[in-house]
Amino acid sequence: MGGSLLRASLFITCIADNFFPKVGDSVVKILRKNGVDLDFPKDQTCCGQPAFNAGYWDEAKDLAKGLIRTFEKSEYVVSPSGSCVAMIKHDYPQLFAGDQLWESRVKELVSKTYEFSQFLVNVLKIEDLGARQQVKVVYHPSCHATRIMEIHEEPIKLLHNVKELELLELPNADQCCGFGGTFSVKMAAVSEEIVEEKVRNILESGADIVTGTDLGCLMNIGGRLEHQGHSVQAIHIAQLLAEGMEA
Amino acid sequence: MTTLMNENFKKRIKFALHNKSMREAIKKATTILKNNRLKAAEEMGDWDEWRQRGKDIRSHVIANLDYYLKQFADNVRAKGGKVYYAGQAEDVIQVVMEIVNQHQAKTVAKSKSMISEEVHLNKALYDRGIEAIETDLAEYIIQLAEEPPSHIIVPAIHKNRNEIADLFSKEAGKEISSDTPSLNAFARKTLREKFLTADIGLTGCNFAIAETGSIVLVSNEGNGRMVSTLPKVHIVLMGMERIVPNFSDLEAVLNLLPRSATGQKYTSYTSIISGPSHPGELDGPEEMHVIIVDNGRTNLLGEKDFQEALRCIRCGACFNVCPVYRQIGGHAYGSVYGGPIGAVITPLLNNDLKNWGELPYASSLCAACSEACPVMIPLHELLVKLRYRRFKAGYTSSMEHMAFKVFRHYFGNPRRYRFAMKSGYYLQRPLMRGNHLEGGPTPLSGWTNSRYFPAVAQKPFRQRWDEIQKGSEER
């Protein structure tokens with residue numbers, strides 16, 4: 001890669017950090033291979049969405065402030081989650097509305113934060129990672145990624161360019177998987193019925209892998225698939241792409 | 001009644017999840033309605049511009065409601081109608097009863113009105129010896145079943161044709177077959193007789209036009225037209241926020257309503273009624289009484305966060321895309337208004353987050369409702385704001401608040417966060433089966449009963465990062 005490198009910071013998200021660290025490895029591999037000078041500010045924890053959605057806004061604010069400080073010096077912030085990025089870009093401004101001390105700092109973070117697939121396709125202008133994977137895949141368009149972040153074509157473009165990857169259609173794709181953060185435990189019985197419907201749609205598609213931009217949903221869907229003894233795997237798009245690339 | 005309205009929300013949900021035929025009926029119908037809406041919106045083109053226009057019109061009306069209500073009322077009176085303001089449910093019933101008594105009426109033929117459901121008018125009339133006849137087919141079905149509506153557009157959406165045939169057979173005293181022509185024939189014959197003999201006709205009001213004092217009824221069965229034309233007296237129950245300024249604005253909202261509700265370009269009947277019949281006119285009622293109903297709506301007025309919900313044009317699109325409604329149906333909400341809009345407005349209309357405060361949690365916050373709303377009400381955001389308000393009002397459990405305080409304590413500080421996750425790794429061991437967890441205490445068990453939960457990784461990413469860095473430096 002010639003010229004100066006593009007500098008970006010990775011916001012790993014608490015779910016990926018603790019439950020799916022391989023997704024982090026994959027993001028690093030892909031971004032570095034494509035000329036990004038990536039750093040990882042160690043003070044990051046969680047965006048605060050669980051508290052925000054449950055109505056505990058003071059608690060959410062505290063976590064948000066931590067994240068804002070952590071990425072203050074970053075040029076770009078990239079994260080493998082449409083939902084956590086939506087929290088930053090959509091909910092932080094609401095959370096700090098009228099707060100003169102923080103409003104401008106929020107604005108600054110909002111302007112430089114990107115979801116992983118959007119960063120690749122829209123900022124780096126990369127649609128083909130040169131990956132090869134002989135698998136049948138369905139893409140689950142996560143709710144916050146599509147409806148709030150308006151991520152539609154980016155993941156599809158990336159998947160289309162993986163050689164030998166067969167992208168199948170997911171029936172009722174736009175329907176929520178039933179995760180919803182605390183919803184999944186607070187209304188567990190309803191959440192179960194919703195994810196079961198999602199699982200049936202995935203099985204109907206004939207795919208080996210369900211992929212997407214968000215680990216909350218994939219952990220929910222994958223957890224149900226495995227619990228019911230199905231062999232279909234739920235894998236984050238970064239990991240799926242990285243696994244198809246040469247080391 | 002078979003809906004456990006008095007039980008708490010959790011029990012009602014559990015009850016609903018066990019009702020297989022209801023859930024199948026709802027899935028089938030809402031999927032069709034949703035697909036019809038998407039198709040209609042696409043054919044229309046510029047759908048989001050139409051939504052924006054609908055939003056602007058309705059926002060403007062709500063922001064200037066006192067002005068438009070006065071204009072509307074003046075124009076109704078000028079056209080020979082009478083206008084009443086009813087603050088609460090009892091007031092609505094009182095006004096209706098005054099009119100009923102004046103005319104010594106025995107029967108009231110009704111077309112669909114959600115306000116009537118809100119104030120439980122049928123029961124109030126029944127208790128006073130007056131027969132209320134629902135002439136909307138679906139309303140008639142649920143009246144026979146003695147159930148509240150489970151959807152604002154399709155009140156009997158939870159019933160399949162066999163259940164309907166059973167209800168009709170019981171009413172007829174003979175077997176009515178479950179095919180559509182037989183069901184229709186029975187309903188038509190029974191209802192038509194009642195139209196012709198009713199003393200009073202009562203309708204709802206989809207829109208009210210301030211500039212002309214007209215009310216607009218949108219229906220597919222024509223019963224609204226009959227109920228507002230045949231009896232000598234016409235009573236209109238109108239939510240105080242139903243107003244549009246003029247005919248040009250009506251065009252915009254009439255483009256949005258049927259498309260959003262059923263995917264139709266327009267419904268079979270759109271009736272615009274301006275006053276009772278005037279001298280020389282061949283038909284129409286002799287009297288028209290418009291009751292403008294508050295019933296909690298002013299609770300939302302002036303509330304920066306929640307006033308937006310008054311824009312609602314009652315199309316039901318949010319019901320048809322809601323993954324929660326799809327599973328539990330309308331009765332589980334326990335309110336006249338279910339679905340996402342019901343979860344928002346029920347606690348507000350009742351000004352009661354103590355008893356209705358659980359409804360806003362009936363959402364995965366997937367935002368499908370906000371996306372479907374033809375007047376761009378940010379429903380999922382309002383649900384979160386209601387949760388915040390409920391916590392502030394002190395109605396969330398102290399355990400829950402404690403949990404989020406603990407969350408802040410550990411996740412609000414990088415060092416404590418690392419410590420918490422490391423502890424988590426060791427604490428999870430008794431539950432670990434391979435790479436996932438099973439069982440565990442609540443609330444974790446809510447998840448693990450039906451799904452595996454991933455185990456905390458031995459080496460979190462932040463630790464791997466150090467190794468990745470070391471590796472790349474060595475290279």
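Residues are numbered from 1 along each chain as its sequence is written, and chains are lettered from A in the order in which they are written. As the model is predicted, local features need pLDDT of at least 70 and side-chain atom pairs count only at pLDDT 80 or more, while totals for chains, interfaces and linings use all residues.

**Exercise 1. Domains of chain A**

Task: Determine into which domains chain A is divided and which elements of domain 1 touch domain 2.

Solution. Step one takes the bounds, which come from an automatic or database domain assignment: domain 1 covers 6–122 and domain 2 covers 127–243 of chain A. Step two takes the C-alpha centres of these two domains of chain A, which are 22 Å apart. Step three counts residues in contact (C-beta atoms, placed from the backbone, within 7 Å): domain 1 of chain A supplies 28 and domain 2 of chain A supplies 25. Step four assigns elements, where helices (H or I, at least four residues) and strands (E, at least two) are DSSP runs numbered from the N terminus. On the side of domain 1 of chain A, two or more residues each come from H1, H2, H3, helix H5 (82–95) and helix H7 (116–123) of chain A. Step five sorts that side by class: 15 residues are nonpolar, 10 polar and three charged. Here Ala, Val, Leu, Ile, Met, Phe, Trp, Tyr, Cys and Pro count as nonpolar, Asp, Glu, Lys and Arg as charged, and the others, Gly among them, as polar.

**Exercise 2. Burial in chain B**

Task: Identify which residues of H8(B) are buried and which elements they pack against.

Solution. Step one sets the rule: a residue is buried if 20 or more other C-beta atoms, placed from the backbone, lie within 10 Å of its own, exposed if 12 or fewer, and partly exposed in between. Step two: buried residues make up 48% of the 475 residues in chain B. Step three: in helix H8 (residues 137–145) of chain B, the buried residues are Ala138(B), Glu139(B), Tyr140(B), Ile141(B), Ile142(B) and Gln143(B). Step four: their packing partners in chain B are helix H7 (121–127), strand S3 (131–134), helix H9 (161–172) and helix H10 (180–197). Step five looks at single residues in two of these partners. Glu163(B) lies in H9 of chain B and is partly exposed because 17 other C-beta atoms lie within 10 Å. Thr180(B) belongs to H10 of chain B and is exposed because it has 10 other C-beta atoms within 10 Å.

**Exercise 3. Backbone exceptions**

Task: Locate Thr13(A), Arg314(B) and Pro443(B), and state what marks the backbone at each.

Solution. Step one: Thr13(A), not a glycine, has a positive phi of about 75° and lies in the loop between strand S1 (6–10) and H1 of chain A. Thr13(A) counts as buried because it has 28 C-beta neighbours inside 10 Å. Step two: Arg314(B) also has a positive phi, near 55°, in the loop between strand S10 (287–293) and helix H13 (317–321) of chain B. Arg314(B) is partly exposed, with 18 other C-beta atoms within 10 Å. Step three: a cis peptide bond, with omega about 0°, joins Thr442(B) to Pro443(B). Pro443(B) is placed in the loop between strand S12 (436–437) and helix H20 (444–448) of chain B.

Definitions and conventions. Two residues are in contact if their C-beta atoms, placed from the backbone, lie within 7 Å.
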